[in-house]
Amino acid sequence: MEKIKVKVCQGTTCYVMGGDVVKSILDTLAEKYTDKVEIVSVRCFETCHKQDSFSKAPYVYVDDEVISSASVEKVINAIESKLSDE
Amino acid sequence: MFIDIDCAQIKKYGQNAFGDYFVSKRTDNQERVIAVLSDGLGSGIKANILSCMTSTMRVRFIEEDIPIQKAAQRIMDALPVCQLGEISYATFSAVDCRNDGSVWVVEEGNPTFLWMRGNQEIEPEYQEYTSPKFPDRHLKIYQFKAEVGDRLVFCSDGVTQAGIGTSGYPIGFKREGFLQYVKECIAKKSDISSTELSSKVIQKALSVEPEEHAGDDISCAVLYFRNPRKAMVFTGPPYNKMKDREYCLSFSFFNGKKAICGGTTANLVSRELKRDIINLPQPQSGDLPPVAVMDGIDLVTEGILTLTRAAEYLEREELKHKDAAGQLVDFFLSTDIIEFMVGAMLNQAHYDPTLPIEIEVRRTIIKKIKKLLEEKYFKQVTIHYM
(Lines give C-alpha, C1' and ligand atoms only; values in the text may rest on other atoms or scores of the structure.)
Protein backbone atom coordinates (compact mmCIF):
# COMPACT_ATOMS: atom_id res chain seq x y z
CA MET A 1 0.00 0.00 0.00
CA GLU A 2 1.37 3.39 -0.95
CA LYS A 3 1.84 5.78 1.93
CA ILE A 4 -0.34 8.84 2.26
CA LYS A 5 1.87 11.84 1.66
CA VAL A 6 1.31 14.81 3.99
CA LYS A 7 3.12 17.91 2.80
CA VAL A 8 3.31 20.94 5.06
CA CYS A 9 4.08 24.27 3.41
CA GLN A 10 6.99 26.16 4.99
CA GLY A 11 6.52 29.31 2.91
CA THR A 12 6.47 32.64 4.69
CA THR A 13 2.70 33.07 4.95
CA CYS A 14 2.04 29.49 6.05
CA TYR A 15 4.88 29.62 8.52
CA VAL A 16 3.63 32.83 10.11
CA MET A 17 0.09 31.46 10.24
CA GLY A 18 1.18 28.40 12.21
CA GLY A 19 2.46 25.94 9.62
CA ASP A 20 5.56 25.32 11.72
CA VAL A 21 3.44 24.39 14.74
CA VAL A 22 1.32 22.04 12.64
CA LYS A 23 4.47 20.42 11.24
CA SER A 24 6.10 19.92 14.62
CA ILE A 25 2.93 18.43 16.17
CA LEU A 26 2.47 16.14 13.19
CA ASP A 27 6.07 15.05 13.58
CA THR A 28 5.38 14.03 17.16
CA LEU A 29 2.28 12.12 16.03
CA ALA A 30 4.10 10.51 13.14
CA GLU A 31 4.88 7.33 15.09
CA LYS A 32 1.23 6.42 15.16
CA TYR A 33 1.13 6.39 11.35
CA THR A 34 4.69 5.28 10.64
CA ASP A 35 3.77 2.62 8.07
CA LYS A 36 0.93 4.50 6.46
CA VAL A 37 1.80 8.16 6.31
CA GLU A 38 4.84 10.19 5.26
CA ILE A 39 5.06 13.74 6.61
CA VAL A 40 7.34 16.20 4.80
CA SER A 41 8.06 19.92 4.64
CA VAL A 42 7.77 21.72 1.34
CA ARG A 43 9.56 25.01 0.62
CA CYS A 44 6.37 26.68 -0.69
CA PHE A 45 3.23 25.51 -2.48
CA GLU A 46 2.41 29.05 -3.59
CA THR A 47 -1.19 28.25 -2.72
CA CYS A 48 -1.43 31.57 -0.87
CA HIS A 49 -1.01 33.31 -4.23
CA LYS A 50 -4.48 31.98 -5.05
CA GLN A 51 -5.98 32.52 -1.68
CA ASP A 52 -9.32 33.64 -3.16
CA SER A 53 -9.81 30.01 -4.18
CA PHE A 54 -8.27 28.38 -1.17
CA SER A 55 -9.22 30.53 1.81
CA LYS A 56 -6.35 30.93 4.27
CA ALA A 57 -2.86 29.76 5.17
CA PRO A 58 -1.42 27.57 6.55
CA TYR A 59 -1.84 24.99 3.81
CA VAL A 60 -1.23 21.28 4.12
CA TYR A 61 -1.63 18.79 1.32
CA VAL A 62 -2.83 15.31 2.17
CA ASP A 63 -2.00 13.63 -1.13
CA ASP A 64 -3.81 15.94 -3.58
CA GLU A 65 -6.32 17.34 -1.13
CA VAL A 66 -5.62 20.93 -0.07
CA ILE A 67 -6.37 21.71 3.56
CA SER A 68 -6.57 25.43 4.17
CA SER A 69 -6.41 27.08 7.61
CA ALA A 70 -4.79 23.78 8.47
CA SER A 71 -4.82 22.61 12.04
CA VAL A 72 -3.50 19.34 13.41
CA GLU A 73 -7.09 18.19 13.93
CA LYS A 74 -8.07 18.91 10.31
CA VAL A 75 -5.03 17.09 8.98
CA ILE A 76 -5.58 14.06 11.22
CA ASN A 77 -9.23 13.92 10.15
CA ALA A 78 -8.17 13.96 6.49
CA ILE A 79 -5.63 11.20 7.13
CA GLU A 80 -8.15 9.07 9.03
CA SER A 81 -10.75 9.55 6.35
CA LYS A 82 -8.28 8.44 3.65
CA LEU A 83 -7.24 5.45 5.73
CA SER A 84 -10.86 4.39 6.27
CA ASP A 85 -11.54 4.71 2.51
CA GLU A 86 -8.71 2.31 1.87
CA MET B 1 41.62 43.38 -6.07
CA PHE B 2 39.42 43.50 -3.04
CA ILE B 3 40.71 44.90 0.23
CA ASP B 4 39.53 42.77 3.14
CA ILE B 5 39.86 44.87 6.27
CA ASP B 6 39.15 44.32 9.94
CA CYS B 7 40.37 45.33 13.36
CA ALA B 8 40.26 43.50 16.68
CA GLN B 9 40.69 45.18 20.04
CA ILE B 10 40.91 44.48 23.75
CA LYS B 11 40.52 47.17 26.42
CA LYS B 12 43.13 47.73 29.09
CA TYR B 13 42.21 45.58 32.07
CA GLY B 14 39.87 47.38 34.45
CA GLN B 15 38.95 50.15 31.99
CA ASN B 16 35.47 50.59 30.60
CA ALA B 17 36.42 52.43 27.41
CA PHE B 18 38.84 51.62 24.61
CA GLY B 19 41.87 53.93 24.55
CA ASP B 20 42.66 52.81 20.98
CA TYR B 21 40.27 53.74 18.22
CA PHE B 22 39.91 52.34 14.72
CA VAL B 23 37.96 53.93 11.87
CA SER B 24 37.75 52.82 8.27
CA LYS B 25 35.86 53.91 5.24
CA ARG B 26 35.35 52.77 1.67
CA THR B 27 34.91 55.64 -0.78
CA ASP B 28 35.20 56.49 -4.47
CA ASN B 29 32.70 53.91 -5.57
CA GLN B 30 34.12 51.37 -3.11
CA GLU B 31 37.54 51.47 -4.81
CA ARG B 32 39.39 53.34 -2.09
CA VAL B 33 39.86 52.29 1.53
CA ILE B 34 40.93 54.73 4.21
CA ALA B 35 41.64 53.47 7.71
CA VAL B 36 43.17 54.95 10.84
CA LEU B 37 44.23 53.24 14.04
CA SER B 38 44.91 55.72 16.81
CA ASP B 39 46.19 55.19 20.35
CA GLY B 40 45.22 57.95 22.78
CA LEU B 41 47.54 59.09 25.53
CA GLY B 42 46.94 57.04 28.68
CA SER B 43 43.90 54.80 28.84
CA GLY B 44 40.17 54.86 29.53
CA ILE B 45 37.84 57.64 28.53
CA LYS B 46 40.45 60.40 28.09
CA ALA B 47 42.45 58.23 25.74
CA ASN B 48 39.24 57.25 24.01
CA ILE B 49 38.35 60.88 23.28
CA LEU B 50 41.85 61.67 21.99
CA SER B 51 42.10 58.62 19.76
CA CYS B 52 38.51 58.91 18.54
CA MET B 53 39.00 62.56 17.55
CA THR B 54 42.37 61.84 15.96
CA SER B 55 41.21 58.90 13.88
CA THR B 56 37.91 60.45 12.84
CA MET B 57 39.49 63.74 11.79
CA ARG B 58 42.37 61.95 10.11
CA VAL B 59 40.00 59.88 7.94
CA ARG B 60 38.15 63.05 6.90
CA PHE B 61 41.36 64.90 6.04
CA ILE B 62 42.65 62.00 3.96
CA GLU B 63 39.33 61.67 2.20
CA GLU B 64 39.48 65.36 1.28
CA ASP B 65 43.13 65.04 0.18
CA ILE B 66 44.35 67.66 2.65
CA PRO B 67 48.18 67.58 2.90
CA ILE B 68 49.35 65.46 5.80
CA GLN B 69 51.48 68.07 7.57
CA LYS B 70 48.64 70.58 7.48
CA ALA B 71 46.22 67.94 8.73
CA ALA B 72 48.58 66.89 11.53
CA GLN B 73 48.86 70.48 12.73
CA ARG B 74 45.10 71.02 12.70
CA ILE B 75 44.52 67.85 14.68
CA MET B 76 47.16 68.78 17.28
CA ASP B 77 45.50 72.17 17.69
CA ALA B 78 42.05 70.65 18.03
CA LEU B 79 42.73 67.97 20.63
CA PRO B 80 41.72 68.81 24.20
CA VAL B 81 44.68 69.27 26.54
CA CYS B 82 44.92 66.98 29.57
CA GLN B 83 44.87 69.11 32.75
CA LEU B 84 47.29 66.81 34.53
CA GLY B 85 49.90 66.23 31.87
CA GLU B 86 49.26 69.47 30.00
CA ILE B 87 49.67 67.60 26.75
CA SER B 88 47.28 66.31 24.17
CA TYR B 89 48.40 63.40 22.18
CA ALA B 90 47.32 60.38 20.24
CA THR B 91 49.64 58.32 18.06
CA PHE B 92 48.25 56.97 14.84
CA SER B 93 48.76 54.86 11.74
CA ALA B 94 46.75 55.94 8.70
CA VAL B 95 46.42 54.05 5.46
CA ASP B 96 44.91 55.17 2.19
CA CYS B 97 44.81 52.51 -0.50
CA ARG B 98 43.02 51.57 -3.68
CA ASN B 99 41.87 48.38 -5.32
CA ASP B 100 44.73 48.67 -7.83
CA GLY B 101 47.17 48.11 -4.93
CA SER B 102 48.50 51.64 -4.55
CA VAL B 103 49.15 52.27 -0.87
CA TRP B 104 50.00 55.35 1.13
CA VAL B 105 50.70 55.01 4.84
CA VAL B 106 51.54 57.61 7.43
CA GLU B 107 52.58 56.72 10.95
CA GLU B 108 53.25 58.73 14.00
CA GLY B 109 54.29 57.03 17.20
CA ASN B 110 52.61 53.64 16.58
CA PRO B 111 54.74 50.52 16.07
CA THR B 112 55.88 50.23 12.46
CA PHE B 113 53.31 48.26 10.46
CA LEU B 114 54.08 44.97 8.71
CA TRP B 115 53.87 44.65 4.95
CA MET B 116 53.61 40.92 4.34
CA ARG B 117 53.92 39.10 1.05
CA GLY B 118 52.98 35.53 1.89
CA ASN B 119 54.72 35.02 5.20
CA GLN B 120 57.70 37.21 4.30
CA GLU B 121 58.01 40.79 5.43
CA ILE B 122 58.87 43.52 2.94
CA GLU B 123 60.42 46.67 4.33
CA PRO B 124 59.20 49.67 2.37
CA GLU B 125 61.12 52.90 2.07
CA TYR B 126 59.77 55.94 3.81
CA GLN B 127 60.24 59.65 4.20
CA GLU B 128 60.33 61.27 7.60
CA TYR B 129 58.92 64.65 8.56
CA THR B 130 59.24 66.39 11.90
CA SER B 131 56.51 68.64 13.22
CA PRO B 132 57.85 72.23 13.41
CA LYS B 133 55.75 72.87 16.53
CA PHE B 134 56.50 69.55 18.26
CA PRO B 135 60.07 68.55 17.32
CA ASP B 136 59.85 65.19 19.08
CA ARG B 137 57.00 64.05 16.85
CA HIS B 138 57.97 62.44 13.60
CA LEU B 139 55.76 61.41 10.73
CA LYS B 140 56.84 58.49 8.59
CA ILE B 141 55.28 58.43 5.13
CA TYR B 142 55.34 55.34 2.94
CA GLN B 143 54.19 54.92 -0.63
CA PHE B 144 54.26 51.60 -2.42
CA LYS B 145 52.33 49.16 -4.55
CA ALA B 146 50.77 46.08 -2.98
CA GLU B 147 50.09 42.90 -4.94
CA VAL B 148 47.36 40.30 -4.73
CA GLY B 149 47.93 38.29 -1.55
CA ASP B 150 49.76 41.06 0.31
CA ARG B 151 48.75 42.12 3.80
CA LEU B 152 49.32 45.23 5.87
CA VAL B 153 49.19 44.55 9.58
CA PHE B 154 48.98 47.43 12.04
CA CYS B 155 49.03 47.29 15.80
CA SER B 156 49.05 49.56 18.80
CA ASP B 157 51.88 49.37 21.35
CA GLY B 158 49.61 47.20 23.50
CA VAL B 159 50.72 44.35 21.20
CA THR B 160 54.45 45.08 21.04
CA GLN B 161 54.68 45.81 24.77
CA ALA B 162 52.49 42.89 25.87
CA GLY B 163 54.06 40.81 28.64
CA ILE B 164 56.67 43.44 29.44
CA GLY B 165 58.50 42.66 32.70
CA THR B 166 57.49 39.00 32.70
CA SER B 167 60.13 36.28 32.67
CA GLY B 168 58.99 35.11 29.23
CA TYR B 169 59.04 38.59 27.72
CA PRO B 170 61.18 40.87 29.91
CA ILE B 171 61.19 43.62 27.27
CA GLY B 172 57.75 42.80 25.90
CA PHE B 173 56.43 40.90 22.90
CA LYS B 174 58.24 43.47 20.72
CA ARG B 175 57.75 44.02 17.02
CA GLU B 176 59.79 40.86 16.41
CA GLY B 177 57.32 38.77 18.40
CA PHE B 178 54.42 40.40 16.57
CA LEU B 179 56.08 39.74 13.18
CA GLN B 180 56.96 36.16 14.09
CA TYR B 181 53.41 35.40 15.18
CA VAL B 182 51.89 36.93 12.04
CA LYS B 183 54.29 34.82 9.95
CA GLU B 184 53.23 31.68 11.83
CA CYS B 185 49.53 32.43 11.30
CA ILE B 186 50.00 33.02 7.56
CA ALA B 187 52.21 29.92 7.22
CA LYS B 188 49.46 27.83 8.83
CA LYS B 189 46.67 29.33 6.75
CA SER B 190 47.79 31.26 3.69
CA ASP B 191 44.33 32.71 3.02
CA ILE B 192 43.60 33.70 6.61
CA SER B 193 41.02 36.50 6.67
CA SER B 194 41.64 39.90 8.20
CA THR B 195 39.03 39.15 10.86
CA GLU B 196 40.75 35.94 11.91
CA LEU B 197 44.31 37.27 11.77
CA SER B 198 43.58 40.45 13.74
CA SER B 199 41.71 38.43 16.33
CA LYS B 200 44.54 35.89 16.66
CA VAL B 201 47.13 38.63 17.13
CA ILE B 202 45.29 40.32 19.99
CA GLN B 203 44.59 36.99 21.66
CA LYS B 204 48.28 36.09 21.40
CA ALA B 205 49.26 39.45 22.89
CA LEU B 206 46.79 38.93 25.72
CA SER B 207 48.10 35.43 26.36
CA VAL B 208 51.60 36.76 27.17
CA GLU B 209 50.29 39.37 29.63
CA PRO B 210 50.55 38.52 33.34
CA GLU B 211 47.34 36.69 34.37
CA GLU B 212 46.09 37.49 30.86
CA HIS B 213 45.14 40.98 32.03
CA ALA B 214 45.78 43.52 29.28
CA GLY B 215 48.30 46.06 30.63
CA ASP B 216 47.35 48.50 27.87
CA ASP B 217 44.75 48.73 25.12
CA ILE B 218 45.59 46.09 22.53
CA SER B 219 44.60 46.57 18.87
CA CYS B 220 45.45 44.95 15.59
CA ALA B 221 44.14 46.01 12.16
CA VAL B 222 44.69 44.00 9.00
CA LEU B 223 44.24 44.87 5.33
CA TYR B 224 44.39 41.92 2.97
CA PHE B 225 44.59 42.49 -0.79
CA ARG B 226 42.97 39.53 -2.45
CA ASN B 227 40.91 38.43 -5.39
CA PRO B 228 37.34 39.16 -4.43
CA ARG B 229 35.05 36.34 -3.37
CA LYS B 230 31.73 36.96 -5.04
CA ALA B 231 28.24 35.89 -4.10
CA MET B 232 24.78 36.32 -5.53
CA VAL B 233 21.48 36.19 -3.69
CA PHE B 234 18.29 35.61 -5.66
CA THR B 235 15.25 36.70 -3.68
CA GLY B 236 11.71 37.30 -4.88
CA PRO B 237 10.10 36.43 -8.20
CA PRO B 238 10.72 38.87 -11.08
CA TYR B 239 7.91 41.34 -11.81
CA ASN B 240 7.72 40.17 -15.40
CA LYS B 241 7.09 36.43 -15.42
CA MET B 242 8.31 36.25 -19.00
CA LYS B 243 11.82 36.99 -17.69
CA ASP B 244 11.95 34.19 -15.10
CA ARG B 245 14.06 32.00 -17.33
CA GLU B 246 16.47 34.75 -18.32
CA TYR B 247 17.14 35.69 -14.69
CA CYS B 248 17.47 32.06 -13.61
CA LEU B 249 20.04 31.42 -16.32
CA SER B 250 22.09 34.45 -15.41
CA PHE B 251 21.90 33.30 -11.77
CA SER B 252 23.09 29.81 -12.68
CA PHE B 253 25.98 31.16 -14.79
CA PHE B 254 27.13 33.50 -12.03
CA ASN B 255 30.72 32.75 -11.08
CA GLY B 256 30.61 32.66 -7.28
CA LYS B 257 28.58 31.43 -4.34
CA LYS B 258 24.80 31.41 -4.69
CA ALA B 259 21.89 31.65 -2.29
CA ILE B 260 18.14 31.65 -2.81
CA CYS B 261 15.94 33.33 -0.21
CA GLY B 262 12.27 32.59 -0.72
CA GLY B 263 9.99 29.63 -1.30
CA THR B 264 8.45 30.97 -4.50
CA THR B 265 11.89 31.98 -5.76
CA ALA B 266 13.25 28.50 -5.02
CA ASN B 267 10.30 27.01 -6.91
CA LEU B 268 10.87 29.13 -9.97
CA VAL B 269 14.62 28.42 -10.04
CA SER B 270 13.83 24.74 -9.60
CA ARG B 271 11.34 24.86 -12.47
CA GLU B 272 13.52 26.86 -14.87
CA LEU B 273 16.80 25.06 -14.16
CA LYS B 274 15.13 21.68 -13.68
CA ARG B 275 16.74 21.07 -10.32
CA ASP B 276 14.88 19.57 -7.39
CA ILE B 277 14.47 21.31 -4.06
CA ILE B 278 15.32 18.81 -1.37
CA ASN B 279 13.77 19.43 2.02
CA LEU B 280 15.91 17.60 4.49
CA PRO B 281 14.20 15.67 7.26
CA GLN B 282 15.67 17.98 9.87
CA PRO B 283 14.35 19.78 12.89
CA GLN B 284 13.04 23.31 12.55
CA SER B 285 15.68 25.99 12.29
CA GLY B 286 15.12 27.64 15.66
CA ASP B 287 11.86 29.50 15.09
CA LEU B 288 12.57 29.97 11.39
CA PRO B 289 11.69 27.65 8.50
CA PRO B 290 14.57 25.23 7.84
CA VAL B 291 17.01 25.50 4.95
CA ALA B 292 16.65 23.28 1.89
CA VAL B 293 19.15 21.97 -0.62
CA MET B 294 19.41 22.44 -4.37
CA ASP B 295 22.14 21.20 -6.70
CA GLY B 296 24.65 23.97 -7.47
CA ILE B 297 23.18 26.37 -4.92
CA ASP B 298 25.05 26.95 -1.66
CA LEU B 299 22.06 27.94 0.46
CA VAL B 300 18.27 27.84 0.05
CA THR B 301 16.17 29.52 2.73
CA GLU B 302 12.71 30.92 3.26
CA GLY B 303 12.49 34.59 2.27
CA ILE B 304 11.32 37.55 4.31
CA LEU B 305 11.41 36.09 7.82
CA THR B 306 14.93 34.73 7.33
CA LEU B 307 16.19 37.95 5.73
CA THR B 308 14.62 40.02 8.49
CA ARG B 309 16.26 37.89 11.15
CA ALA B 310 19.62 37.96 9.33
CA ALA B 311 19.44 41.78 9.33
CA GLU B 312 18.82 41.67 13.09
CA TYR B 313 21.83 39.39 13.63
CA LEU B 314 24.03 41.66 11.50
CA GLU B 315 22.84 44.74 13.35
CA ARG B 316 23.42 43.22 16.79
CA GLU B 317 26.65 41.52 15.66
CA GLU B 318 25.28 38.14 16.70
CA LEU B 319 27.33 36.02 14.35
CA LYS B 320 27.21 32.59 15.97
CA HIS B 321 23.61 31.53 15.30
CA LYS B 322 23.13 28.23 13.52
CA ASP B 323 19.55 28.70 12.28
CA ALA B 324 18.73 29.58 8.66
CA ALA B 325 19.37 33.30 9.26
CA GLY B 326 22.68 32.49 10.97
CA GLN B 327 23.67 30.41 7.94
CA LEU B 328 22.73 33.32 5.69
CA VAL B 329 24.89 35.65 7.80
CA ASP B 330 27.81 33.19 7.43
CA PHE B 331 27.17 33.18 3.69
CA PHE B 332 27.37 36.99 3.56
CA LEU B 333 30.44 37.27 5.76
CA SER B 334 32.43 34.63 3.88
CA THR B 335 32.36 36.78 0.74
CA ASP B 336 33.54 40.24 -0.31
CA ILE B 337 31.20 41.31 -3.08
CA ILE B 338 27.52 40.49 -2.81
CA GLU B 339 24.97 41.03 -5.53
CA PHE B 340 21.27 40.87 -4.70
CA MET B 341 18.82 40.03 -7.48
CA VAL B 342 15.57 41.26 -5.99
CA GLY B 343 12.29 40.32 -7.62
CA ALA B 344 9.67 43.02 -7.47
CA MET B 345 6.66 40.72 -7.52
CA LEU B 346 4.67 41.07 -4.30
CA ASN B 347 2.84 38.28 -2.56
CA GLN B 348 -0.52 39.77 -1.60
CA ALA B 349 -0.95 37.18 1.13
CA HIS B 350 1.88 38.84 3.05
CA TYR B 351 -0.28 41.94 3.49
CA ASP B 352 -3.28 40.15 4.90
CA PRO B 353 -4.21 42.22 7.97
CA THR B 354 -5.05 39.06 9.91
CA LEU B 355 -1.44 37.88 9.84
CA PRO B 356 -0.15 37.70 13.42
CA ILE B 357 3.03 39.58 12.62
CA GLU B 358 3.91 42.33 10.21
CA ILE B 359 5.86 41.05 7.22
CA GLU B 360 8.35 43.58 5.93
CA VAL B 361 8.62 44.60 2.32
CA ARG B 362 11.46 42.71 0.66
CA ARG B 363 13.08 45.82 -0.80
CA THR B 364 13.22 47.52 2.60
CA ILE B 365 15.00 44.59 4.24
CA ILE B 366 17.46 44.17 1.38
CA LYS B 367 18.31 47.87 1.56
CA LYS B 368 18.84 47.53 5.30
CA ILE B 369 21.08 44.48 4.84
CA LYS B 370 23.06 46.31 2.16
CA LYS B 371 23.65 49.26 4.49
CA LEU B 372 24.73 46.99 7.35
CA LEU B 373 27.04 44.88 5.19
CA GLU B 374 28.68 47.95 3.71
CA GLU B 375 29.02 50.08 6.81
CA LYS B 376 29.55 47.50 9.51
CA TYR B 377 31.19 44.63 7.66
CA PHE B 378 32.97 46.51 4.84
CA LYS B 379 31.41 44.46 2.02
CA GLN B 380 30.67 45.69 -1.49
CA VAL B 381 26.98 45.25 -2.15
CA THR B 382 24.86 45.91 -5.22
CA ILE B 383 21.12 45.49 -5.67
CA HIS B 384 19.57 44.65 -9.00
CA TYR B 385 15.79 44.87 -9.14
CA MET B 386 13.98 42.53 -11.47
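Predicted model: local features only at pLDDT ≥ 70, side-chain atom pairs only at ≥ 80, totals over all residues.
## Chain A

Chain A contains three helices and four strands. Read from the N terminus, its elements follow the order β-α-β-α-β-β-α.

Of its 86 residues, 42% count as buried. Among the contacts in chain A with a separation of 6 or more, 61% are between residues 24 or more positions apart.

## Chain B in outline

Chain B has 386 residues, and 46% of them are buried. Its secondary structure consists of 10 helices and 18 strands. When contacts between residues at least 6 apart in sequence are considered, 69% of those in chain B join residues at least 24 apart.

## A sheet of seven strands

Chain B includes an open sheet of seven strands with mixed pairing, in the order β14-β15-β16-β13-β12-β17-β18. The edges are β14 (277–278) and β18 (380–385) of chain B; each has a single partner strand, so one side of each has no neighbour in the sheet.

Strands of a sheet pair through backbone hydrogen bonds, either parallel or antiparallel. Strand β12 (residues 230–235) and strand β17 (residues 337–342) of chain B run parallel and are joined by six bridges. Within this part of the sheet, Phe234(B) is opposite Met341(B) of β17(B).

## Helices α4 and α5 of chain B

Helix α4 (residues 174–188) and helix α5 (residues 194–207) of chain B pack with their axes 10 Å apart, at an angle of about 135 degrees. The crossing of α4(B) and α5(B) is right-handed.

From α4(B), the residues in this contact are Tyr181(B), Val182(B) and Cys185(B), while α5(B) supplies Leu197(B), Lys200(B), Val201(B) and Lys204(B). By class, five residues of the contact between α4(B) and α5(B) are nonpolar, two are charged and none is polar.

## Helices α8 and α10 of chain B

The axes of α8(B) and helix α10 (residues 362–375) of chain B come within 10 Å and cross at roughly 25 degrees. An angle under 35 degrees counts as roughly parallel, and α8(B) and α10(B) are therefore roughly parallel to each other. Their crossing is left-handed.

On the α8(B) side, the contact is made by Ile304(B), Leu307(B), Thr308(B), Ala310(B), Ala311(B), Leu314(B) and Glu315(B). On the α10(B) side are Arg362(B), Ile365(B), Lys368(B), Ile369(B), Leu372(B) and Leu373(B). The contact of α8(B) with α10(B) has nine nonpolar residues, three charged and one polar.

## Where chain B touches chain A

The contact between the chains takes 19 residues from chain A and 21 residues from chain B. On the chain B side, the elements that give two or more residues are α7 (263–273) and α8 (304–316). Of these, α7(B) gives the most, with four residues. The chain B side comprises 12 nonpolar, eight polar and one charged residues.

Helix α7(B) also has buried residues: Gly263(B), Thr264(B), Thr265(B), Ala266(B), Leu268(B), Val269(B) and Ser270(B). Just after α7(B) comes Lys274(B), which has a positive phi of about 55 degrees.

Technical notes
Residues numbered from 1 in each chain as written. Chains lettered and ligands numbered in written order. Axes fitted to C-alpha atoms, helices over the stretch in contact; angles between N-to-C directions. Left-handed = near helix turned anticlockwise from the far one by under 90°. Contact = placed C-beta atoms within 7 Å. Nonpolar A, V, L, I, M, F, W, Y, C, P; charged D, E, K, R; others polar. Buried ≥ 20, exposed ≤ 12 C-beta atoms within 10 Å, placed from the backbone. Pairing = 2+ DSSP bridges. Parallel < 35°, antiparallel > 145°, perpendicular 65-115°, else oblique.
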